[in-house]
Amino acid sequence: MPGSADAPILVWFRRDLRDYDHRALSAALASGGPVYCVFVFDTDILDALASKTDRRVAFIHGSVVELDAALRTRGGGLIVRHGRAVSLIPALARELEVAAVYANRDYEPAAKARDVDVTTALAAAGIALSTFKDQCLFEREEVLTQAGGHFTVFTPYKNAWLKRLTSHDWQPATTLEGRLCLPEDEGDMPTLADIGFDPGKLAELGIQPGMSGARARWQDFQARMDRYHRFRDYPAARGVSYLSVDLRFGTLSLRELVACAATTPGEGAQAWLNELIWRDFYFMVLDTHPQVVSRCFKPAFDALQWDDWPEGLHAWQQGRTGYPLVDAAMRQLLHSGWMHNRLRMVTASFLSKDLGIDWRLGEAWFAAQLNDFDLAANNGGWQWAASTGCDAQPWFRIFNPVTQSEKFDPEGRFIRRYVPELAKVPDKYIHAPWKMSAAQQTDCGIWIGRDYPAPIVDHARARTNTLARYEIAAKADNPEIQDWRGGEISS
């Protein structure tokens with residue numbers, strides 16, 4: 001690493017808001033010199049947010065406050081700035097006369113471009129930017145095909161990932177006391193109001209930010225991990241980990257999670273480890289194929305002719321499609337900023353294959369609403385559901401929103417929680433309330449079309465239209481393509 005053994009180093013925290021098992025911080029402390037720590041509320045990111053009550057900013061702010069407190073107990077603290085990181089980081093590095101800036105790597109195209117600009121600005125002052133692997137277990141060149149290329153299908157990637165995995169890979173970064181410092185003239189921590197945001201309802205939703213919140217969620221899931229494989233698909237059950245926001249902002253160590261999942265016997269732990277591998281897979285795809293941000297991974301599907309239907313998009317966004325499971329999921333998202341993974345697939349399939357609306361519009365809506373929004377996973381999930389991505393579901397596989405509802409919310413418990421106007425609808429009709437007779441609707445105190453929307457589309461007709469839409473693009477890509485009708489799937 002550049003600089004003399006006792007030269008100061010600046011550690012730039014980004015999506016890694018913890019003071020333990022932190023590769024950049026550990027490397028800086030190991031250098032033996034003074035270590036400064038900084039976080040920037042980056043206006044290049046914040047200015048693009050539509051809402052000033054964005055839950056994510058409140059989560060980040062709470063996590064930054066906790067991180068600062070943790071660093072202060074170790075003799076240092078967090079320098080917090082508000083502005084353009086691309087300008088502020090080089091300026092602070094020059095001001096502190098550091099030999100290098102250390103940071104953990106980010107794989108999003110905008111973040112990579114930012115780091116190139118910061119590297120250039122720092123180099124002009126004779127300062128290096130050194131980055132470390134931290135937010136994934138294996139990076140782009142670490143899991144390759146036998147031919148030396150990048151995987152585009154998950155299962156062989158997973159097999160290669162598991163074959164490469166050893167206990168060394170999940171060993172935590174060494175935590176050293178080191179020489180943490182904080183400039184004497186460092187001001188107070190800016191409030192949310194100082195950076196132009198309101199608290200929102202993070203506390204009301206019971207979402208505790210920071211390492212303490214992450215630790216509580218992790219301990220809760222460890223007690224349930226053995227049941228993960230049985231309950232993970234049922235949104236009314238407490239079956240998933242709820243750790244996605246902690247992985248997104250690094251308030252919890254990925255290596256700690258992998259170590260637990262890989263060494264815990266049973267199907268539950270193995271099923272959850274599989275999800276962590278998917279996360280690495282999508283990071284690799286985004287890192288090696290940055291065009292997926294705006295284009296289909298499968299170029300042939302860039303030619304898909306989507307329907308221009310603003311009213312349909314709005315109905316989907318607001319949970320007013322007339323399909324109860326879809327609407328419950330979309331209302332959960334609006335209310336809490338979170339959505340169950342099974343429902344992310346169902347709602348994405350519904351938008352692209354029932355409503356015929358471009359998956360990119362749905363991806364953008366999720367990006368604006370999800371507390372755990374992560375470009376790699378969000379893009380990967382949407383392209384999977386729309387059948388335009390790598391290792392996506394076959395384009396002729398179209399989720400039936402009613403059968404999905406019957407299978408994964410059989411008693412309608414989740415539906416009734418988020419679509420309370422259907423509370424009195426019997427189980428027999430909760431998945432398709434439009435099938436009730438007029439007398440039955442009267443008994444339930446609800447009229448379909450007045451109190452709750454009638455279905456915005458007929459699934460069978462929409463399915464036929466979607467198959468035709470995709471078949472044109474698929475055959476244009478490969479005129480010899482096997483007729484899909486032989487392997488048609490509808491779930």
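**View 1. Burial and length of helix H3 in the predicted model.** Of the 18 residues of H3, 13 are buried, so that the helix is mostly covered. H3 spans residues 55-72. From its first C-alpha to its last it reaches 26 Å, close to the 26 Å expected at 1.5 Å a residue.

View 2. The structure holds zero disulfides. A disulfide would require the two sulfur atoms to be within 2.5 Å. Cys37 is also buried, at a relative accessible area of 0%.

View 3. Cys260 is buried, with a relative accessible area of 15%.

**View 4. Crossing of helices H10 and H11.** H10 covers residues 254-263 and H11 covers residues 267-288. Their axes come within 8 Å and cross at roughly 145°. The crossing is left-handed. On the H10 side, the contact is made by Leu254, Leu257, Val258, Ala261 and Ala262. H11 contributes Ala269, Gln270, Trp272, Leu273, Leu276, Arg279 and Asp280. By class, the residues of this contact are nine nonpolar, one polar and two charged.

How values were computed
Residues are numbered from 1 along each chain as its sequence is written. This is a predicted model: local features need pLDDT of at least 70, side-chain atom pairs count only at pLDDT 80 or more; totals for chains, interfaces and linings use all residues. Side-chain values use heavy atoms; hydrogens and water are left out. Helices (H or I, at least four residues) and strands (E, at least two) are DSSP runs, numbered from the N terminus. The expected span of a helix is 1.5 Å times one less than its number of residues. Buried means under 20% relative accessible area, exposed over 50%, partly exposed in between (1.4 Å probe, protein chains only). Axes are lines fitted to C-alpha atoms, for helices over the stretch in contact, and angles run from 0 to 180 degrees between N-to-C directions. A crossing is left-handed if the near helix is turned anticlockwise from the far one by less than a right angle, and right-handed if clockwise. Contact means heavy atoms within 4.5 Å. Ala, Val, Leu, Ile, Met, Phe, Trp, Tyr, Cys and Pro count as nonpolar, Asp, Glu, Lys and Arg as charged, and the others, Gly among them, as polar.
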